[in-house]
Amino acid sequence: MAYQSEERPGESITKFESMLKTDDIYFFDAEDFEEIIHYYLNHGKIALAKKAIKIGLQQHPAAIELKLLDVEVLVFENNLEVAERILDELQLLDSNNEEIYIQRANIYSKKDNHEAAVALLQEALQLTKDSFDIHSLLGMEYLFMDDFKLAKDNFMKCVSFDEQDYSSLYNVIYCFEFLEDYDGAIHYLNDYLDRNPYCEVAWHQLGKQYYTKKMYPEALTAFDFAIISDDTFIGAYFEKGKVLEKLGKYAEAIDNYETTLKLEDPTSHAYLRIGRCYEKQGNDEMAKYHYYKTVHEDPLLDKGWLVITEFYCKKEDYKKALYYINKALNIDGDNPSYWKKCGKIHAALQDYDNADFSYKHAIDLGNYEMDTWLSWASVAVLDHRLNDALEIVSQGQEFYPDRAELSYKKAGIYLLKEDHINGRIALMKGLKQGLEVFEQFNEEFPQYATATWVLELVSASKKTSRS
């Protein structure tokens, strides 16, 4: 496994590259070749690593470490059969070399046989005292197996070996979050911070846990400590801004988001959050300015176009809203929520054909929310397609058979069709399912809600519910 070499190339790397330029042949110790190969692997220069391996094996054909590095590259490039043949040969020469087991584990992992990979890594653990990298690999294998508890345990061991291993620290917290053990994550991070009080990464992660638990003052304190530890930590400013938003402190939130813009190249997400803060302050012009900056910064950010759509919907400027929802759909045409929003806009513009198409598309893409069925049925009613409206409500009842809202909707549609028998049946069903939401029927079908027979049914239902 590749160790971390220095950022700047050493003397052996300079000498090797000079050799490649001049076509001269220089002799290197096997250890020099290892250093050269590790350097190229760590910097993603695979072609140069392969050249170094080839020349190294020509000069040192019996060097097991060079052959293992050859295997590492072969596994990376998915030449698994060749890699396994070399490992078989090496196993005969050095059966106690933990790197052989590690590379075999990597091959099994590539083949999605993670249980076998774990077994081999466990064997490798028995053969070495330097188990840091092996625990990291075990953690990843357990993640592949969705065993987040064992993954967490192994990443914790990595952190205990090296408390500056932030990659493993992130993975520990990821496991806590997946297990929804936010209290456990908070306890772990506080213990870690007792030993590393100026670790901005840990303070940042602690703040996110508090934020998830809606402990906003504690989250704010954690992000403040992250900023004290590193006043250029963009993530801490951004997350602090989100907390301040939740607390209604929009001016302070804007200041923190704007700090992220000063520290690094502007991001569309920061502009988006700033725009929302201004909108919550009632400053529509500044909100609109930042929303447009959002999509200018990243024209492919569909959420940017969506927030502009929402902005114009609130202003009841549905023509502009339609223009911008179509921008979002051009980026992500398979998003059912966007089609649902498109349906609402078309309905507001009284374009019932396109509203019907949009709602149907939202349903076809998997949006089965109850209000989607109700809104789609309303469009059919407004378009005087009462039979279609009944069919839509019936489909919705397949997903929500016990929801009174759909029964009330069906009752109203039957009554519009002057089918009083089925209307009465549907209304009685709705009253049994949820008398408390009868107000929906009252609002949507007021011409029937005050009818004597309807009032009698409601009165009887109230008496039944009290008894």
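The following dialogue explains how to read several features of this predicted model.

Q: Which conventions apply to the numbering and to the predicted model?
A: Residues are numbered from 1 along each chain as its sequence is written, and side-chain values use heavy atoms, with hydrogens and water left out. Because the model is predicted, local features need pLDDT of at least 70 and side-chain atom pairs count only at pLDDT 80 or more, while totals for chains, interfaces and linings use all residues.

Q: At what angle do helix α1 and helix α3 pack?
A: Helices are DSSP runs of H or I with at least four residues, numbered from the N terminus. Axes are lines fitted to C-alpha atoms, over the stretch in contact for helices, and angles run from 0 to 180 degrees between N-to-C directions. Here α1 (residues 11-22) and α3 (residues 46-59) pack at about 90°, with their axes 12 Å apart. That makes α1 roughly perpendicular to α3, a term for angles of 65 to 115 degrees.

Q: Which residues make the contact of α1 with α3?
A: Contact means heavy atoms within 4.5 Å. Helix α1 contributes F16, M19 and L20, and α3 contributes L48, K51, A52 and I55. These residues divide into six nonpolar, no polar and one charged; in this scheme Ala, Val, Leu, Ile, Met, Phe, Trp, Tyr, Cys and Pro are nonpolar, Asp, Glu, Lys and Arg are charged, and the others, Gly among them, are polar.

Q: How many salt bridges does the count come to?
A: Side chains of opposite charge can pair when their charged atoms come close. The rule requires a side-chain nitrogen of Lys or Arg within 4 Å of a carboxyl oxygen of Asp or Glu, and by it the count comes to 23 salt bridges.

Q: Where do K213 and D183 lie?
A: The side chains of K213 and D183 meet in a salt bridge with an N to O distance of 3.1 Å. K213 lies in the loop between α12 (200-212) and α13 (216-229) and D183 in helix α11 (residues 182-195), so the pair ties together parts that are 30 residues apart in sequence. For accessibility, buried means under 20% relative accessible area, exposed over 50%, and partly exposed in between (1.4 Å probe, protein chains only). K213 counts as partly exposed at 34%, and D183 counts as partly exposed at 48%.

Q: Is E245 buried or exposed?
A: E245 counts as buried, at 6% relative accessibility. Its salt bridge is with R273, the closest N and O atoms being 3.0 Å apart. The pair links distant parts of the chain, with E245 in helix α14 (residues 234-246) and R273 in helix α16 (residues 268-280), 28 residues apart.

Q: With which residue does R403 form a salt bridge?
A: The partner is E405, with the closest N and O atoms 3.0 Å apart. R403 is partly exposed at 36% relative accessibility, whereas E405 is buried at 14%. Elsewhere, salt bridges that share partners join D356, D383, R385 and D388 into one network.

Q: How many aromatic pairs does the structure hold?
A: A pair of aromatic rings is described by the distance of the centres and the angle of the planes. Rings of Phe, Tyr and Trp (its six-membered ring) pair if their centres lie within 6.5 Å; planes under 30 degrees apart count as stacked, over 60 as edge-to-face and the rest as tilted. The structure holds 25 aromatic pairs. One of them, W305 with Y324, is stacked, at 5.9 Å centre to centre and 15° between the planes. This pair links helix α18 (residues 302-314), which holds W305, to helix α19 (residues 318-331), which holds Y324, the two residues being 19 apart. W305 is buried at 11% relative accessibility, and Y324 is buried at 11%.

Q: Which residues form one aromatic cluster?
A: The cluster consists of Y291, Y292, W305, F311, Y312, Y323 and Y324.

Q: Where does H384 lie?
A: H384 lies in the loop between α22 (370-382) and α23 (386-399). Its phi is positive, about 60°, although H384 is not a glycine. H384 is exposed, with a relative accessible area of 71%. D146 also has a positive phi of about 60° without being a glycine; D146 is placed in the loop between α8 (132-144) and α9 (148-161) and counts as exposed at 56%.

Q: Which residues does V75 touch, not counting those up to four places away in sequence?
A: With that exclusion, V75 touches L80, A83, Q103, N106, I107 and K110. V75 is in helix α4 (residues 64-76) and is buried at 5% relative accessibility. V75 and I107 are 32 residues apart in sequence and 6.5 Å apart in space, C-alpha to C-alpha.

Technical notes
Angles under 35 degrees count as roughly parallel, over 145 as roughly antiparallel, 65 to 115 as roughly perpendicular and the rest as oblique.
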